Amino acid sequence: MKVAIIGTGYVGLPTGVGLAELGNEVICIDRDPSKIERLNNGILTIFEDGLEELFKKNVAQKRIRFTTSMKEGVSAADIVLIAVGTPPHPITKEADMKYIHAAATELAEYLNGYTVIATKSTVPVGTGDDVETLIRKKNPTADFDVVSLPEFLREGYAIHDFFNPDRIIIGANSERACQLVKQLYTPFADKTTILCVKRRSSETIKYASNAFLAMKIHYINEMSNFCEKTGADVFEVAQGMGLDSRIGNKFLNPGPGYGGSCFPKDTNAMAYMARQNGVNLSLIEATIKGNEARYGQMAEKILKAAKSDSPKVGVLGLAFKNGTDDCRMSPALSIVQELIQRNAQLTAFDPKAMDNARLILGDKISYAPDIYEVMKDADVLAILTEWSDFKDIDLSKAAELMKQKVIVDCRNLLNKDQAIEAGFEYQGIGR
């Protein structure tokens with residue numbers, strides 16, 4: 001099939017590469033000429049684990065290409081996927097729809113023959129109706145349907161998730177549109193559920209799913225606080241809970257709080273939509289408030305361990321999670337900013353996210369070229385992102401470099417017994 005994708009970010013680019021790998025003819029559209037030039041020259045503009053190999057393969061085989069021209073991308077497409085950003089409003093936290101609306105209005109002019117327009121971005125309930133109205137207004141004679149096609153790709157695992165979907169949700173108000181999208185995902189028909197629902201139900205499924213997962217993360221973080229006070233081990237508690245099939249073992253890893261481009265934005269947007277509709281989503285509201293407080297709790301834990309009024313803190317990890325260079329709403333950066341406000345001196349390292357972190361933090365911290373440079377003369381080492389590289393720290397070398405032998409492991413990456421044996425005061429989460 002011929003597929004156009006509007007947006008080349010953390011959703012659009014992995015989706016485009018994945019669809020190309022399935023044999024489709026894909027063209028990705030973005031307004032940024034420099035980004036398009038780099039992509040057409042075979043240079044990735046984001047880091048996503050496993051993406052580079054498939055990207056280069058499909059560029060070389062000419063199954064995927066990139067353009068700034070909406071006309072070039074849309075006019076021959078069977079399906080157009082809208083994968084632009086929906087950033088939160090700075091005050092209300094509702095999803096900002098200006099990029100969705102702009103894309104819908106612009107693409108309308110170039111529709112040629114029957115086309116399905118699919119919103120891949122996470123959008124408020126009723127967005128499909130708005131997109132349909134905008135296109136119809138701009139091009140009254142166009143033959144098209146608008147569907148909701150929510151993405152369920154985890155950053156850092158997007159390529160794996162694309163080829164191993166838990167489910168594919170199609171929100172369509174016409175059988176014709178549903179069948180066309182099903183055709184696109186035929187390669188997955190035998191190994192996953194492809195569910196067609198009403199468009200507004202599909203738009204709700206995405207928000208409801210992310211809000212539920214965020215609540216699950218916040219719940220186990222609160223349980224980790226309880227375990228620290230009572231002498232229980234949160235990992236043993238989580239293991240026991242996860243054996244219950246009604247609960248499951250995923251998203252029961254305690255840490256510094258959820259972050260990234262989805263959970264914070266989507267929980268806030270869900271809460272906003274509920275308030276607009278006169279519905280009290282108390283669990284989600286409590287989750288948002290508690291998660292924001294979590295960053296301060298982690299900063300306080302690090303400062304107490306450092307035992308200094310103006311400690312030197314070595315930070316490992318700036319991305320919001322491993323496998324990606326994305327720093328948007330990163331718990332690591334939120335904790336770093338809390339530490340800065342409390343007069344800590346910070347030196348940080350991240351294997352992939354240094355450039356993106358610099359754009360946010362500027363010169364408020366120092367940036368180290370490697371893991372061990374972070375440790376030099378540090379009062380405390382804080383592990384904030386779960387990169388596998390950090391698991392293999394040479395603890396003997398770390399002990400020699402640091403001023404005080406103190407580790408606060410906010411991701412529980414290190415072996416506690418080995419750290420203590422190396423002479424460290426070690427603090428994990430929930431133990």
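This is a predicted model: local features need pLDDT of at least 70, side-chain atom pairs count only at pLDDT 80 or more; totals for chains, interfaces and linings use all residues.
Thr 385 is found in the loop between strand E12, residues 380-383, and helix H16, residues 395-401. Is Thr 385 buried or exposed? Thr 385 is buried, with a relative accessible area of 0%. Leaving aside residues up to four places away in sequence, the residues that Thr 385 touches include Leu 316, Gly 317, Asn 322, Asp 350, Phe 390 and Arg 411. For a sense of distance, take Ala 103, which is 282 residues from Thr 385 along the chain; their C-alpha atoms are separated by 35 Å.

Strand E1 covers residues 2-6, and four bridges join E1 to strand E4 in a parallel pairing. Within that pair, Ala 4 stands opposite Val 80 of E4. On to E4 itself, residues 79-82. Which residues of E4 point one way, and which the other way? Ile 79 and Leu 81 go one way, Val 80 and Ile 82 go the other way, and all are buried.

E4 has another neighbour to show you. Four bridges join E4 to strand E5, residues 115-119, and these two run parallel. If you follow the chain, E4, helix H5 (residues 98-108) and E5 make a right-handed β-α-β unit.

The next step continues from E5. E5 pairs with strand E6 in the parallel sense, over five bridges. Ile 117 has Val 146 as its bridge partner in E6. E6, residues 144-148, is mostly covered, with four of its five residues buried. E5, helix H6 (residues 127-138) and E6 make another right-handed β-α-β unit.

Next, a helix. H1 takes in residues 12-21, and nine of its 10 residues are buried, so H1 is largely enclosed by the rest of the structure. Among the buried ones are Leu 13, Pro 14, Val 17 and Leu 19. Just after H1, Gly 23 takes a positive phi of about 105 degrees.

How do H1 and helix H3, residues 51-60, cross? Their axes come within 9 Å and cross at roughly 55 degrees. That makes H1 oblique to H3. The crossing is left-handed. Where they meet, H1 brings residues including Leu 13, Val 17 and Glu 21, and H3 brings residues including Leu 54, Phe 55 and Asn 58.

H12, residues 282-306, and H13, residues 331-341, pack at an angle of about 55 degrees with their axes 9 Å apart. That makes H12 oblique to H13. The crossing of H12 and H13 is right-handed. Among the residues making the contact are Tyr 295, Met 298 and Ile 302 of H12, along with Pro 331, Ile 335 and Leu 339 of H13.

Let's turn to another sheet. Which order do its strands take? This open sheet has six strands, in the order E11-E10-E9-E12-E13-E14, and the pairing is parallel. E11, 366-367, and E14, 425-427, stand at the edges with a single partner strand each, so one side of each is left without a neighbour in the sheet. E14 is joined to E13, residues 406-409, by three bridges, and Val 406 stands opposite Glu 425 of E14.

In general, most residues other than glycine have a negative phi. Asn 343 is not a glycine, yet has a positive phi of about 70 degrees. Asn 343 lies in the loop between H13 and strand E10, and is exposed, with a relative accessible area of 53%. Asp 377 also has a positive phi, near 60 degrees. Asp 377 lies in the loop between helix H15 and E12, and at 49% relative accessibility counts as partly exposed.

Conventions
Residues are numbered from 1 along each chain as its sequence is written. Side-chain values use heavy atoms; hydrogens and water are left out. Buried means under 20% relative accessible area, exposed over 50%, partly exposed in between (1.4 Å probe, protein chains only). Two strands pair if DSSP finds at least two bridges between them. A crossover is right-handed if, with the strands pointing away from the viewer, the path from the first strand over the helix to the second runs clockwise. Axes are lines fitted to C-alpha atoms, for helices over the stretch in contact, and angles run from 0 to 180 degrees between N-to-C directions. Angles under 35 degrees count as roughly parallel, over 145 as roughly antiparallel, 65 to 115 as roughly perpendicular and the rest as oblique. A crossing is left-handed if the near helix is turned anticlockwise from the far one by less than a right angle, and right-handed if clockwise. Contact means heavy atoms within 4.5 Å.
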